[in-house]
Each structure stands twice: as C-alpha cells, then as structure tokens.
Amino acid sequence: MRTPNWLFLVLFLLLINLQYRLWVGNGIYAQMKELTQQIASQHAENERLLESNRILDAEVLELKQGTETIEELAHHELGMVKNGETLYQLAE
C-alpha cells in the first residue's frame, strides 16, 4: 500500500518548523547559549570573590598573629603614638 505524497509533505513541513524553533527561535539552542554566557560570567565573578576572600583571610591571620600590623594601623588610621615616640604633624 502506497502512502500519499501529501503526508510526506506535511511531515516534512512539521520537521522544518521544529528545526526552525530549535535553532533560530526561542528554543533550546538560544537558551543554552544564553545560559553558557551566564555561567562564564558567574565563574569569573566567583574567581574574583575567591581572590578577595584569600586576601581578607591573610589580613585576618596577620592581625591575629602579629602586633606589627596592629601598630601600623593604629599609627596611620587612629594617629596613636607609642611611648617614647615623637609625633610631628605637617601642615599642608
């Protein structure tokens, strides 16, 4: 028994329509491409934040272990002076 030619034509047009939606329209391919770009930008942001966290961890460890950093912060930010030191202020 022979299948009519119009059935092949209808199936072929349906296939073309589905492929068009997949590759050109708002189908899976377009969403996948957008999500891939979002993932790449999120990876870059994560790396930047991890580096920032490493720097902050090193600063915290240094503040916990040594007094030199604390003294330096007290000198520069709070204007504190140790016993026996002389403070000189320059007017601008």
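Arg54 counts as partly exposed because its relative accessibility is 46%, where partly exposed sits between buried, under 20% relative accessible area, and exposed, over 50% (1.4 Å probe, protein chains only).

First, the ground rules. This is a predicted model, in which local features need pLDDT of at least 70 and side-chain atom pairs count only at pLDDT 80 or more, while totals for chains, interfaces and linings use all residues. Residues are numbered from 1 along each chain as its sequence is written, and side-chain values use heavy atoms, with hydrogens and water left out.

Now the partner of Arg54. The side chains of Glu51 and Arg54 meet in a salt bridge, 2.9 Å from N to O. By salt bridge I mean a side-chain nitrogen of Lys or Arg within 4 Å of a carboxyl oxygen of Asp or Glu. The contact between the Glu51 and Arg54 side chains also qualifies as a polar contact, at 2.9 Å. That term covers a pair of N or O atoms within 3.5 Å; within protein, one must be able to donate a hydrogen and the other to accept it, and residues adjacent in sequence count only if both atoms are side-chain atoms. Both residues lie in helix H2, 3 residues apart, about one turn of the helix. Helices here are DSSP runs (H or I, at least four residues), as are strands (E, at least two), numbered from the N terminus. Glu51 is partly exposed, at 40% relative accessible area.

How many salt bridges are there by this rule? The count comes to 3. Another one joins Glu45 to Arg48, with the closest N and O atoms 2.7 Å apart. Glu45 and Arg48 are again both in helix H2, 3 residues apart, about one turn of the helix. Glu45 is partly exposed, with a relative accessible area of 32%.

Then there is Glu71 with Lys82, whose side chains meet in a salt bridge at 3.4 Å, N to O. This pair links distant parts of the chain: Glu71 is in helix H3, Lys82 is in the segment after H3, and they are 11 residues apart. Glu71 counts as partly exposed because its relative accessibility is 33%. Lys82 counts as partly exposed too, at 43%.

Next, the patches. These are made of residues with over 30% relative accessible area and no salt bridge; like charges are joined within 9 Å, and nonpolar side chains (Val, Leu, Ile, Met, Phe, Trp, Tyr) within 5 Å. Lys and Arg count as positive, Asp and Glu as negative, with His and the chain ends not counted. The place of a charge is NZ of Lys, CZ of Arg, CG of Asp or CD of Glu.

Which residues gather in the patch of negative charge? They are Glu59, Glu62, Glu68 and Glu72. Helix H2 (28-65) and helix H3 (68-78) each supply at least two residues of this patch. Glu59, in helix H2, is partly exposed at 45% relative accessibility. Glu68, in helix H3, is exposed, with a relative accessible area of 63%.

The other patch is nonpolar. Trp6, Leu7, Val10, Leu11, Leu14 and Leu18 form it on the surface, with about 590 Å² of accessible area together. Accessible areas come from the Shrake-Rupley method with a 1.4 Å probe; for residues, only the protein chains shown count as cover. Trp6 lies in helix H1 (residues 5-23) and is exposed, at 58% relative accessible area.
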